[in-house]
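Here's a quick briefing to read alongside the sequence and the fold. Take a look at the model first, then come back for the walk-through.

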Amino acid sequence: MSRSVRKLILPGTIAALIVATVLLAPVLPLQDVRGMDIPNRFAGPSAGHWLGQDDFGRDVLSRLIWGGRASLFIAVGSAIFAAIIGTALGLLGGYFRGAVELVTVRAAEIILCLPPLLLALLVVTILGAGTWPLVLALTILYTPNYARVVYAATQQVRGLDFVTAQRAMGTHPMTILVRTILPNVLPPLLVQMSLVVASAMVIESGLSFLGLGVVPPTPSWGLMIRSARGAMEVAPLLLVWPSLALAGTILTFNLLCDRLQSALDPRAVTAGGALWLRPRSAAAKKRITSLEAEADAPLLEIRDMSIAVRDMELVRRVSLTVRPGETVALVGESGSGKTLTGLAMTGLLPDTLRVTGGTALYTTRAGKAVDLAKLDEEGIRTLRGEEVSMVFQDAAAALNPVLRIGEQVAEAIRAHHEVEGEALQTRVVELLRQVGIPDPEQRARAYPHELSGGQRQRAMIAVAVANNPRLLIADEPTTALDPTIQAQILQLFAQLKCDTPGMGMIFVTHDLAVVAEIADRVTVMYAGEVVEEGPVAEVFERPRHPYTAALIASVPEGGAARLTAIPGSVPSPRQMPRGCRFAPRCGFATERCSAHPPPAEHPAPGRVTRCFHWETVT
Amino acid sequence: MLRYIAARSLVALFLVWIVVSVVFLLLHLIPGDPAELLLSQSNVAADPQAVAALREQMGLNAPLWQQYIDHMTGVLTGDLGGSFRDGAPVIEQIALRLPRTLEVILAASLIATGIGVPLGTYAAIRADGKADAVISFFASASLSTPVFVVGSVVILIFAQKLQWLPAGGFTPFSDDPLEHLQLLLLPACTVALSLLAVITRMSRASVLEVLQRDYVRTARAKGLKRNPILRRHVVRNALIPVLTVLGLEMGTLIGGTVLVEFVFNWPGLSGYLVAAVDARDYPEVVGIVMTISVLFVFLNLVVDVVNALLDPRISLVR
């Protein structure tokens, strides 16, 4: 039983208990509900009257249960009537559409234009107080709710193949509606039902309280509260009991509705917050004291880093080195773990993922060595944007829609430097100009949606380089753009590299043409592992892993004699091959490949491949 | 911007016209003669001749379309007619009572938003934690407690037991500002409680949604601290749907404060409407319903404009 279904048990049981109690009211050993006992009016709880006696000396417990019977009868009754009428209207409107929709669903929706209590009041004042006018008023009130819910659900089901098939076979529309569509719209109907019962009780009790609902001497919770108000000074408890009963019952049905909803539609439940907001949560890591870095230490040295979701490894023992001024391209198909590797370097992995092993030693401006994989949120925050920066793929989503471009760039500077006013503004405009945004003074005041896709990506880059970071991680920064714009953005990156000597860059991409253009070294990832690594020119000239070779062969402008697609698809992290992960798709694979994972080999200085057959690949 | 508002106002006026016409027709179609109701005392039937004379005087003998046109032309010239009951101009009564109802709603909205947004945000930050469970439960509980129950219990506690505040009544602000505010406090808080629940739940859901957005990750990538991220990026974006809901809720409240006004003896517009419907006082009912629907529609317009100011993506200029 899933968690959401288990959560249904509590409100479900209480609701059943409440309904059973009021149903059994005639056979329960209760005092006479109308039996007056004037001498004992306002008497407190006693053995004969557990909850005391009211202003006429009547037994409060008995009136509470009978009152609940009246309230629930009206609420459930009108919920059922409204459900029948509303479902019929919704089914017809949703199935036939057109004119039928107009006279059923749309007509019913007019009722929703008036405040509900006002409408009920109008009906009841016109028809007079009483149980049945109340049922009628509430039925009118809630019919459109059902009609709408059923209408929407019917429209969805109507388009499904099995309904189309039945229509094609000439089944009578009524038969389709009742036998096929109705069972499918039952879940949303059920949710609506519990909601309406709760909401009808609010209005019923309110009208009874005003003296426009249930007529005395019939007990009702609204009436009990009304009369208890008069005796508040003498017997405050008389007010408390019906209030508790009323609020408790409504709460039960509301909870039932909420939980039915999440049980029936798990997608509606939002993901649980964000761990980074909780500094002392279990995910926060111990702060690591930083050491002096060695004089010739690279900018970033990832060694055997693994990333996992729960017990499933998505990235396994990845190693990667970036030297100052060097651009490393991280290449692979979707799902190869290249983006995750990039995100891990800024501590921005999604909450469900964790770095489970390895180190990522980064040399700071001050010459300290810190392990990016082990820093806590605050520790890595001081590095983000200042030392390690990130350019995201989809600039339209990555920029805040309600803040001006200039504000978003300024914010990046102010996160690490005390610059204000004129100086800050000048710096922002200068940055926007540097990334090639025309008319930067004006553009600084624009909102992201007012810029073109290319300009948005430029603004995104301006945000990333605002503090002259030493390591820039670009996560597929050109993927979402038009080819001509892609070329311009690549040029911009090349320009930035020239302008800021010493800045290292990790360029995540699946596009080998881009790699050739921008990178010094390339790291090829497959299924969460690094399969090949080396200087771009050498790797392209002579790939030492079948996967790299296949990638190059699949690129139109890769210079390959003919275009070849790689057969098969990336294995799922749940079913990783025991040996080489590429073996099932590899033309060179032998028995050895599927038995053992190949070790890292060094075909030449500065080159790595993970293949038993590297010598025969090319 | 102005053109957009003008276009929206036209649609709004059309809606108001529909609502007023429907109410007018409905009142004439249902049984119950205002003249008879006015003249009969308790269970003694009224003198038929007197009723006929009064009907003539009220203009009820004219054909329905004639009455409708007369009434509508009156409305257009700002004359809502005189009450059947005492002949006083309806517009005066509305002008007197509407501000009182609006006052309660506005005060309640301020209280509910001021507390609900931070509370909902906090619940979202601590999603699935203990604080979240407590806040969510209280939101559900106050949403489930009818307003007259809250009002009665509040009176029992603060007026009867603690004797901090008066149980109900009304003093014009010009007579005694302090007493006016004292009397306002309990009804406003009562209305605020259920509104608070709605706002808290909405804020929580909205913040949770925004936290998943890419631009929040960008804000983190800049190295911003937690609070600036929450303030500038999360809450600001999360507020947009919350304000929409607040506007809609306020619209519903304009016609729905009957119970609160009854519980606290607050002489507002809703209570006036109940009395008017009871007496079949057509001019009064039509006048009040029109006022409520104008406000309801106007509020929706304000919500749209405010949304546009908060969210530059919504362009009001075509």
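At roughly what angle do the axes of helix H1 and helix H2 of chain A cross? They cross at roughly 110 degrees and come within 8 Å. Keep in mind that this is a predicted model, where local features need pLDDT of at least 70, side-chain atom pairs count only at pLDDT 80 or more, and totals for chains, interfaces and linings use all residues. Residues are numbered from 1 along each chain as its sequence is written, while chains are lettered from A and ligands numbered from 1 in the order in which they are written.

**Domains**
- Chain A splits into domain 1 (3-268) and domain 2 (308-352 + 473-617), with bounds from an automatic or database domain assignment.
- Between the centres of these two domains, taken over C-alpha atoms, there are 61 Å.

**Helix pair**
- H1(A) covers residues 3-23 and H2(A) covers residues 60-96; helices are DSSP runs of H or I, at least four residues, and strands are runs of E, at least two, numbered from the N terminus.
- Axes are lines fitted to C-alpha atoms, for helices over the stretch in contact, with angles from 0 to 180 degrees between N-to-C directions.
- H1(A) and H2(A) are therefore roughly perpendicular (65 to 115 degrees).

**Sheet**
- Five strands of chain A form an open sheet in the order S1-S6-S5-S2-S3, paired antiparallel (pairing takes at least two DSSP bridges).
- At the edges sit S1 (291-292) and S3 (312-322) of chain A, each pairing on one side only.
- S2(A) (300-309) and S5(A) (353-363) run antiparallel, joined by eight bridges.
- Opposite Ile302(A) you'll find Ala360(A) in S5(A).

Definitions and conventions
Parallel < 35°, antiparallel > 145°, perpendicular 65-115°, else oblique.
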